[in-house]
Amino acid sequence: MITKELKSVNQIDELLDNAAKLLKKMIATPSLSKEEYDVSLVIESFFKEKGVVINRYKNNIWATNKNFDASKPSILLNTHHDTVKPNKAYTMDPFIPVEKDGKIFGLGSNDAGASLVAMSQVFLHFYEKENLSHNLIIALTAEEEISGVDGIEALFPQLPNVELAIVGEPTKMNLAIAEKGLLVIDGEMQGTASHAAHPNDDNAIVKCMADLQHILNYKFEKTSEYLGDVKVTLTVINAGTQHNVVPEKCNFTLDVRVTDEYSNKEVFDIIQSEMKSTLTPRSFRLNSSKIEIAHPFVQAGLALGRTTYGSPTSSDQAIIPCTSVKMGPGDSLRSHTADEFIYIAEIKNGIEIYINILEQVL
């Protein structure tokens, strides 16, 4: 379905052409996490050419609609312009945009360049409109891929009265109405060092194996409707340096994906109570999120035939302190892969769906 204002094929083609050109410029401008300054200049220049008044905070670019009204709540369009390092299996130059077979290839094209350029066109579509029920803010931010502190987390306190955040990530333009949080825990099991030839009932590795097996089999009491169970995964383990020496300790790391049924602190306390190892959380800041199915934005998406789901992957939703939903063009399975690409038709579809939903709630 296309809104009345978008019935002109020429209008859609113009928006899509602008989006594709911006995406290619971004791909050609390396923007690894913490090295986003150059790409932020590309984005800033794009908006200035369109007559948009731009704000900058560090490497974050943001703007409000032209007829911003401080008495109204705001809807935020947010996604990131940083990328991971190129996958070593790339067969193409990750920083040379290539268009072929209806696709645009290049690092960050799918995650999350397509969301960024689609959201940019949507923001421009609404920029000069009057009498909107909400203000519209766009924030194109840094350090998402490393959950850094100088991205949306640093910028958000400067944004005016955000009621809803739409986080652009590849979801096939379906609505991720819940997202798992991330809790990383470093652990240590102490034992007694000894010569391997002698008896030792206090072997740190053996004790640690039993402790880890227990928590990996542990069943958390509450299950989320959309996110399922809390998931604990052992990702790092390290102990010993010589074959004939029993080490005095065994260190490990747990990657814990937390559902909306718990806070990160609650999950940590449960895990600590179930384990004998000494545990240290790296942070409690990346919590799970959820938006109610009855929310007008979700209902508008469902009316357009979009589906809802719970996302196991984390995003900047984890550090956005307001109601949020994750939605964007592209497929999460392509993120961080070699020869990353986005279908041009996916960008077009993203622009149309974003606008159609926002027409219902603005």
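**View 1. The lining of the largest pocket divides into seven nonpolar, 10 polar and eight charged residues.** Here Ala, Val, Leu, Ile, Met, Phe, Trp, Tyr, Cys and Pro count as nonpolar, Asp, Glu, Lys and Arg as charged, and the others, Gly among them, as polar. The model is predicted, with local features needing pLDDT of at least 70 and side-chain atom pairs counting only at pLDDT 80 or more, while totals for chains, interfaces and linings use all residues. Residues are numbered from 1 along each chain as its sequence is written, and side-chain values use heavy atoms, without hydrogens and water. The space in the largest pocket is about 500 Å³. Of its 25 lining residues, Glu 169, Thr 313, Ser 314, Lys 326 and Ser 332 are the closest to the centre. On a 1 Å grid over the protein atoms alone, a pocket is an open set of points with protein on both sides within 12 Å along at least five of seven lines, a cavity is a set where a 1.4 Å probe fits but cannot get out, and lining residues have an atom within 4 Å of a point. Points are joined across faces, edges and corners, and a volume is the space filled by probe spheres set on them.

**View 2. The structure holds one cavity of 30 Å³ or more.** The largest cavity has a volume of about 80 Å³. Its lining has 14 residues, of which Met 26, Ser 31, Thr 83, Leu 107 and Gly 108 are the closest to the centre. At least two lining residues come from each of helix 1 (9–27) and helix 3 (109–126); helices (H or I, at least four residues) and strands (E, at least two) are DSSP runs numbered from the N terminus. The lining divides into six nonpolar, six polar and two charged residues.

**View 3. Helix 7 (residues 296–303) packs with helix 8 (residues 344–361) at an angle of about 130 degrees, their axes 9 Å apart.** Helix 7 is therefore oblique to helix 8, as angles under 35 degrees count as roughly parallel, over 145 as roughly antiparallel, 65 to 115 as roughly perpendicular and the rest as oblique. Axes are lines fitted to C-alpha atoms, for helices over the stretch in contact, and angles run from 0 to 180 degrees between N-to-C directions. Pro 296, Phe 297, Ala 300 and Gly 301 of helix 7 meet Ile 357, Leu 358, Gln 360 and Val 361 of helix 8 (contact: heavy atoms within 4.5 Å).

**View 4. The peptide bond from Asp 111 to Ala 112 is cis, with omega near -5 degrees.** Ala 112 lies in helix 3.
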